[in-house]
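Me: Could you walk me through a few features of this protein model, with the cut-offs spelled out?

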Amino acid sequence: MTTGKINVQTENIFPIIKKFLYSDHEIFLRELVSNAVDATRKLKTLASIGEFKGELGDTRIRISIDKDKKTLTISDRGIGMTKEEVEKYINQVAFSGAKEFVEMYQDKAQGIIGNFGLGFYSSFMVSRQVEIHTRSYKPDTTPVIWQCEGSPDYTLLEGNRTERGTDIILHIAEDSEEFLDEFRIKNILTKYCKFLPVEIAFGKRKEKTTDENGNENEIEVDDVINNPEPAWTKAPASLKEEDYKSFYNELYPFAEEPLFHIHLNVDYPFNLTGILYFPRLKNNIEVQKNKIQLYSNQVFVTDQVEGVVPEFLMLLHGVIDSPDIPLNVSRSYLQSDANVKKISAHITKKVADKLEEMFKKDREDFQKKWDDIQVFIHYGMLTDEKFLERAQKFALLKNTAEKYFTLDEYTEKIKPLQTDKNNRTVYLYASSIDAHHTYIQNAKERGYDVLLLEGPLVSHLITRLEQKLENASFVRVDADTIDKLIQKEDALPSKLNEKEQESIKPVFEDCVDKTKYTVVFESMSEKDVPVMVTQTEFMRRMKEQQAMGGGGGFYGMFPEMYNLVINSNHPLTSKILNETDNDRKKQMGRQVVDLALLQQGLLKGEELSAFLKRSVEMIEKMGDRKSTRL
């Protein structure tokens, strides 16, 4: 057996780093600023345990541009490096000083960002030459200058820096001169470094001050671009409602105020902090989903958080931060593993806990928020089995009288009256009070209750609930005549026999497109409408699910199909049957059919104009007949 070591040639690794290590070249700035933050926090750690006894003084990180020299400089007053440390940490690719420091000081080294030892080399993606000017915090050490032009060759010189810390000077390459633009750099810093735990200054701004004599002066100060202590890093007990709202405005400056928030603060079995906000969505799920920002030790990673955040909570806004989320080498995207699944499950649990707590603590307030949050809850019930089980304790159903019920409460309410002859409990619902008003009234006249179920997920949701409930079905009130939707006894006897129905049927068939409408006769109450339009629950639901995705199959390709239901017991139906004037018979048939179509919003264009004209003419004739009698 032969053993050996793989030889990694540095000549080959530099082109790989420059071209392939990072998907987006702008990330180099995040990496260098993160290194500066680590250097500063290392110094603070050493000071806290007594290993550094000097004055911390100004620890602000500064970024500066020199357009004449074509340089971009990142400066810190952190731990600095000796000559030996430069040779150890800089000249050895993929040797992480941050990782070594954490291993050495363990739980005392909080929030150290570095891990892979490659971040510094991202500077060569945009630079023709890189210089390091550094001096260690240790007394009596010599400052060092390191220079390299992106090849295995480097120069190490004695420097002249008088203060501890490090300057990284990038001599920007010709093809990367966009990184000498102040606006571009400011945007990158705001994107990746907005919440880094050490103050970062870029450029200057003017600030007004008042002296002891009351004179107003204008001075120039550092323009600090970050908030080192964002709300999610603080203990929930130390924050007030105003603090959470203020942080939301910091994340989304022009957004509408959120409904409420959930503060995540976990240290076992993994570390996870963050704040998630419930925005006001109403019934709209066609919104930008990438509103949750993922951080690792306060460094922005991505807003593509699939996997960490359950699918149904992708509609939330906010921040999550975890050093335990596995990232790729460039820290630009997630790598899925068991920890990610645990974190996702925990977030689901925390959200369910919060919603249940809100419901129990103040049900009235929860009901006021329901229209805004139901889309989240419905989405969760459809996509997460554990959340579905929890949600049955707080998910609400609203009826057309705007009263709210849990599923168990509502089932108990309707079961005595809305159980059909086959012992099936029927949940009647409408998607619009105005559009389905007549159908709702028909149901109410029989003592039935009707739910108001609005939103794009309703068809999927009720199908899911039918699977959970025993011997139950949801039907929209316009899916059939009310007596057929909840069959109690045998149908009422019809005043028209089959022969009479067949003789009058062509009158109604001539009023509609036979490829879309099927004329059927039902023996309904005389008090019901003479003609109504229905669409079967099954076909409509399949088409709605197809439109939303995830179901429906070939049903989504079918044209809209409706039943034109003729009430064989209505007096008008008999009048039309017995009318001897064919023109008048057709006109009467057309008028009642158009009324039914109008009720369902199916009368449009030319047909609607003809209906309006005909209605006016009929009113005028009625007026003429009245005048003649007078």
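Predicted model: local features only at pLDDT ≥ 70, side-chain atom pairs only at ≥ 80, totals over all residues.

Me: How many disulfides does a search of the whole structure find?
Reply: A disulfide is a pair of cysteine sulfur atoms within 2.5 Å. Searching the whole structure on that basis gives a count of zero.

Me: Is Cys 193 buried or exposed?
Reply: Buried means under 20% relative accessible area, exposed over 50%, and partly exposed in between, using a 1.4 Å probe and protein chains only. Cys 193 has 1% relative accessibility, so this residue counts as buried.

Me: Which side chain joins that of Gln 293 in a polar contact of 2.7 Å?
Reply: Gln 293 sits in strand S11 (residues 292-296); strands (E, at least two residues) and helices (H or I, at least four) are DSSP runs numbered from the N terminus. A polar contact is a pair of N or O atoms within 3.5 Å; within protein, one must be able to donate a hydrogen and the other to accept it, and residues adjacent in sequence count only if both atoms are side-chain atoms. The partner of the Gln 293 side chain at 2.7 Å is that of Tyr 295.

Me: Are the rings of Tyr 427 and Phe 474 stacked or edge-to-face?
Reply: Rings of Phe, Tyr and Trp (its six-membered ring) pair if their centres lie within 6.5 Å; planes under 30 degrees apart count as stacked, over 60 as edge-to-face and the rest as tilted. For comparison, Phe 366 and Trp 370 are 6.2 Å centre to centre with 40° between the planes, a tilted pair. The centres of Tyr 427 and Phe 474 are 4.5 Å apart and their planes lie at 15°, so this pair is stacked.

Me: How is helix H14 oriented to H16, roughly perpendicular or roughly parallel?
Reply: Axes are lines fitted to C-alpha atoms, for helices over the stretch in contact (heavy atoms within 4.5 Å), with angles from 0 to 180 degrees between N-to-C directions. Under 35 degrees counts as roughly parallel, over 145 as roughly antiparallel, 65 to 115 as roughly perpendicular and the rest as oblique. The axes of H14 (residues 498-509) and H16 (residues 571-578) come within 10 Å and cross at roughly 90°. That makes H14, relative to H16, roughly perpendicular.

Methods: Residues numbered from 1 in each chain as written. Heavy atoms only, no water.
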